[in-house]
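Have the structure open as you read.

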There are 2 protein chains.
Amino acid sequence: MNVLKSWVNIPVDSDFTIYNIPFGIFTAEGITPRVCTAIGDSVLDIAYLADKGYLPMLEGEPKNVLKSSYLNDFMALGKSITKAVRLRLMELLSDDNNELKGHIQDRENAFFLKEEVTMLLPIEVKNYTDFYSSKEHATNVGTMFRDPDNALLPNWKHIPVGYHGRASSIILSGTPIHRPKGQTLPNGETQPVFGPCKLLDFELEMAFVTCKGNTLGTSISVEEAEDHIFGMLLFNDWSARDIQKWEYVPLGPFLAKNFASSISPWVVTLEALEPFKIAGPKQDPKVLPYLEYLGNKNYDIQLTVCLQTATGTEKQICKSNFKYMYWNMCQQLAHHTVNGCNVMVGDIYGSGTISGPTPDSYGSMLEITWKGTKPINMPDGSTRKFINDGDTVIMKGHAKINDIRVGFGEVSTEVFPSV
Amino acid sequence: MNVLKSWVNIPVDSDFTIYNIPFGIFTAEGITPRVCTAIGDSVLDIAYLADKGYLPMLEGEPKNVLKSSYLNDFMALGKSITKAVRLRLMELLSDDNNELKGHIQDRENAFFLKEEVTMLLPIEVKNYTDFYSSKEHATNVGTMFRDPDNALLPNWKHIPVGYHGRASSIILSGTPIHRPKGQTLPNGETQPVFGPCKLLDFELEMAFVTCKGNTLGTSISVEEAEDHIFGMLLFNDWSARDIQKWEYVPLGPFLAKNFASSISPWVVTLEALEPFKIAGPKQDPKVLPYLEYLGNKNYDIQLTVCLQTATGTEKQICKSNFKYMYWNMCQQLAHHTVNGCNVMVGDIYGSGTISGPTPDSYGSMLEITWKGTKPINMPDGSTRKFINDGDTVIMKGHAKINDIRVGFGEVSTEVFPSV
């Protein structure tokens, strides 16, 4: 990849370099919700640039595609257009291009400091599916709750196991959640009790979003999948472990999961992530033909989870990587639609908890503290088995090769007490 | 209830009497999609009536509430308005009211024969939840697949067990489905195979739809639930039993269910069903306080399933009743939101398969043929263990007390071969 330089000041270690150009939705004083990108510490109003004629590939498209509360209509334009928009923005931000750089008035109108804007939930989530595609996570859970010698269930290496989650309760980073209440069965009891969840947990996930659907009765192949996947976000799929334990047999998680899932405000495109593709784990046994794939379909994306307490003390409690995924996104989408299920523009797909091979890379408190048997010591002297009221969970992610860095920002969520 | 007579001709045994006044969406030659009701064999254009000033309670509401492809905006007006619209339509259709009856031109414009219209999917389904609330069904499944002596799992009588289904693949009655393909594990094998589902099944369900949501973090109590529930529909929640068996542990059904769920075109309001309320089964053990309820919350709704083969022969294979539900809709909605999960206008909730106490009242082929061990003999000499290509499954439902009949029409779906 050529080295690109921008005339915009981009701090060292910024997630939002000229190689990234993610998409989001912002609003600001006097500015209606609209499509934007992030560059360095700035937010760039794409709707304004289109109005001023900087984005000829959008001429003829309805204005409300960019002046919208969600990215859905923009994504639905299709990759041929949205890729061209991203490349054009990279061009306009390049040091050797004077079009926007040289137009003081437009620069003043189009650029906002990140402190001046309010980011909004970027996607109107139509359907949400959660996968369970980290072998290390599934193995840890199987070891803890079933049989260490047969931790993975027989279907796990044949199917990218997934289930339907709740679309309505997907919320933006920065939105606090209340500790959920629900039924649990205390150890040794036969009668359930009702009250605030005692084992609140995060799940370090990434999510992808589709920009192109399929008709009911048709399928999307592994080869076609990348044309349907717009990009990715950070995703914290909150879990109430004690509620889940009592409710989930035989039909899967329900109230243990549907009280909240937090996403980051920026959608990083598959194209921006292209340089970070790497090989996935070897799949043995061989998968069925509809799940076979060629080339690199995993991504080397470094992920961290920090826990911040009400006193302000903070500790990094997990360092994982998206590259550990056993099943890749193309396989997930092919499997999801192989029965004819239709997906839509604006559907979200969680990876499942992304755990790595070592304890410091586990993607949930359940695994990090091994069901609470190995509490985390926090710098302020407190300990954590699960998440306390007043805690904030902060997930970050970025990919980096040499000087090329593409990041996701963060998804940060504070936990309030039950109401 | 007073006996009501209509000046519209209503055939004996019509589901669409003056006591019903369901809501749907139709289109016809030269007529854009809009809200309508059914009376006898006619479809009545409610948007036209509003335009002509017959519905004063809608004056001041946006026109597109009625001239819409979905009922969502109409439902969102709230029950105080939608109930008034229904009562006003009953008034206009009453024998002793001359307003519409006496206006030949408006009658000509507002009424359509059912053969002249195309009914559309009435709801833009935002989220879909499927419950599992028939004790007889859960007992049958538990007996077949687990332990006849402990057929019900320990949580079943404490929780209205439910899980998230797929909203995108909910389709209208009359839309054919293709037999889904997927992974299954043949008996005695360790390697799965891929191909058309061999054990395709229907599930006789009813669904309710919400017209009022709640904010994330708040709950809807059992007492408040009826104000959030707009009405009910017939619901065939298609299932691929062999795909389900291989995929569903530990996270629940996925591809076995998300290829299609069929609904009827008419939403029958809770108000129309009020006369048919009856007591539900005694709940023992006592439920937790948030699930306690007062008064009658079950409904006496007679349900049938007919199987029609490609040769045209037809047989009624199930006669069940919605009154058998162990958990009622108010309990389901209270449970769904007790953790703070937010529901939305246009969310759909399936009851789960509605089986009665006797084999002729079982609501799925799985139960009727007891896993295929007791095939059904069809009038044309063929037999059925599950559903064949070319079969059409037709579900009907109605409630009746003396001369008061309120029905749902039907949900009818033909099965095409795999593509």
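## Two domains in chain A

In this predicted model, the centres of domain 1 of chain A and domain 2 of chain A sit 30 Å apart, going by C-alpha atoms. Domain 1 covers 24-120 and domain 2 covers 128-416. Where they meet, domain 1 of chain A puts in 16 residues and domain 2 of chain A puts in 17 residues.

The UniProt record has something to say about this part of the chain too: an unreviewed entry lists residues 20-122 of chain A as "domain: Fumarylacetoacetase N-terminal". That stretch of chain A is 30% helix and 23% strand, with its end C-alpha atoms 17 Å apart.

## Where the domains touch

Together, domain 1 of chain A and domain 2 of chain A bury about 1300 Å², and carbon and sulfur atoms account for 72% of that. On the domain 1 side, the residues losing the most area to domain 2 are M75(A), K79(A) and R86(A), which together make up 49% of what that side buries.

K79(A) turns up again in a salt bridge with E271(A), where the closest N and O atoms are 2.9 Å apart.

Which elements of domain 1 of chain A supply at least two residues each to the side that touches domain 2 of chain A? They're β2 (31-39), α2 (72-75), α3 (79-92) and β5 (118-120) of chain A. α3(A) gives the most, with 4 residues. By class, this side of domain 1 splits into 9 nonpolar, 4 polar and 3 charged residues.

## Chain B against chain A

Now for the contact between chains: chain B and chain A bring 58 residues each. The area buried between them is about 5200 Å², with 63% of it from carbon and sulfur atoms.

Between chain B and chain A there are 2 salt bridges. One of them joins the side chains of R166(B) and D347(A), at 2.7 Å from N to O. Polar contacts between the two chains come to 24 residue pairs.

On the chain B side, the elements giving two or more residues are β6 (128-131), β7 (162-164), β10 (181-184), β11 (193-196), α7 (241-247) and α9 (329-337) of chain B. β7(B) provides the largest share, 3 residues. Sorted by class, the side of chain B that touches chain A holds 32 nonpolar, 19 polar and 7 charged residues.

Note on methods. Residues numbered from 1 in each chain as written. Chains lettered and ligands numbered in written order. Predicted model: local features only at pLDDT ≥ 70, side-chain atom pairs only at ≥ 80, totals over all residues. Heavy atoms only, no water. Domains from an automatic or database assignment. Contact = heavy atoms within 4.5 Å. Buried area = accessible area lost by both parts, 1.4 Å probe. Salt bridge = Lys/Arg side-chain N within 4 Å of Asp/Glu carboxyl O. Nonpolar A, V, L, I, M, F, W, Y, C, P; charged D, E, K, R; others polar. UniProt positions renumbered as here; feature names shortened; annotations may be inferred. Polar contact = N/O pair within 3.5 Å; in protein donor to acceptor, adjacent residues only side chain to side chain.
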